Amino acid sequence: MATTDPVELTTEFLRDLASGRIDGALAVVGDDILYENVGFPAVRGKQLFSRVMRALNGRLVHFDAEILTAAADGDKVLNERIDLLSLGPLRLRFWVCGHFEIRDGRIVVWRDYFDFFDCTKAMVRALVGLVVPGAVKPIRSLTDDGDHQLRPV
C-alpha cells in the first residue's frame with residue numbers, strides 16, 4: 001500500500017482485512033495502535049491488535065464491510081460503513097461509524113461507534129437468515145471487483 005491519501009489508506013486497510021490479507025493490513029498499522037469498539041475494552045499495541053484481526057478472519061469468523069461514505073480532515077478519517085460479521089452460517093449486518101487517525105503514514109487509532117440496538121436487530125435478522133437467507137441483505141463488499149474509489153469531501 002503506497003498511498004499517502006488518508007481515505008485511500010483506510011479503505012485499502014479495510015479491504016485487506018476483508019480479503020484476508022492480514023499481513024498487508026498490519027503493514028500500515030503503528031506499533032502503538034489503539035483499536036476500540038466503543039463500549040468494549042480497548043486493544044492497545046500492534047501485537048494484541050494482530051491477534052484480534054487474525055481472529056476476525058479465521059476459520060469461523062470473517063469480517064467484511066461496505067463503505068457508504070468517507071471524509072478526511074488532515075490525518076483524521078471518518079467513514080460510515082455497513083459491517084458484515086460472518087460466524088459460520090450466521091451473518092450479522094450492522095451500521096458502524098469508524099474514526100481513524102494516521103501518523104507518519106500509519107494508522108495509530110481505529111475507533112468504531114455503533115448502535116447496540118442495531119446490533120441486537122442484526123442478531124435477530126441473522127438468526128432468521130439461517131432459515132430465510134433473504135432476511136440478511138447483501139452488502140457491496142470491499143472485495144467486489146467494482147469501483148470503490150472514495151475521495152475526501
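## Helix α4 and its cover

In this predicted model, the cover over the buried residues of α4 includes β5 and β6, where helices (H or I, at least four residues) and strands (E, at least two) are DSSP runs numbered from the N terminus. The buried residues of the helix (under 20% relative accessible area, with exposed over 50% and partly exposed in between, for a 1.4 Å probe and protein chains only) are Asp118, Cys119, Ala122, Ala126 and Gly129. They lie on the same side of α4, because they cover an arc of only 95° around the axis, the arc being that of the directions from the helix axis to the C-beta atoms.

With 14 residues, α4 reaches 19 Å from its first C-alpha to its last, close to the 20 Å expected at 1.5 Å a residue; the expected span is 1.5 Å times one less than the number of residues.

## Basis and confidence

Residues are numbered from 1 along each chain as its sequence is written, and side-chain values use heavy atoms, with hydrogens and water left out. Local features need pLDDT of at least 70 and side-chain atom pairs count only at pLDDT 80 or more, whereas totals for chains, interfaces and linings use all residues.

The protein chain averages a pLDDT (the predictor's confidence in each residue, from 0 to 100) of 90, and 93% of the residues score at least 70. Over residues 147-153 the pLDDT is below 50, although this stretch has 19 contacts in the model beyond near neighbours in sequence, a contact meaning heavy atoms within 4.5 Å.

## The sheet

Six strands make up an open sheet of mixed pairing, in the order β2-β1-β6-β5-β4-β3; two strands pair if DSSP finds at least two bridges between them. β2 (43-44) and β3 (61-73) are the edge strands, each with a single partner, so one side of each is left without a neighbour in the sheet.

## Strand β6 and its partners

Seven of the nine residues of β6 are buried, so this strand is largely enclosed by the rest of the structure. β6 (residues 106-114) pairs with β5 (residues 90-103) in the antiparallel sense over eight bridges, and runs parallel to β1, to which five bridges join it. Arg111 in β6 stands opposite His99 and also opposite Glu36, while Val109 in β6 is the bridge partner of Glu101. The hairpin of β5 and β6 has two residues between the strands, and there Asp104 takes a positive phi near 55°.
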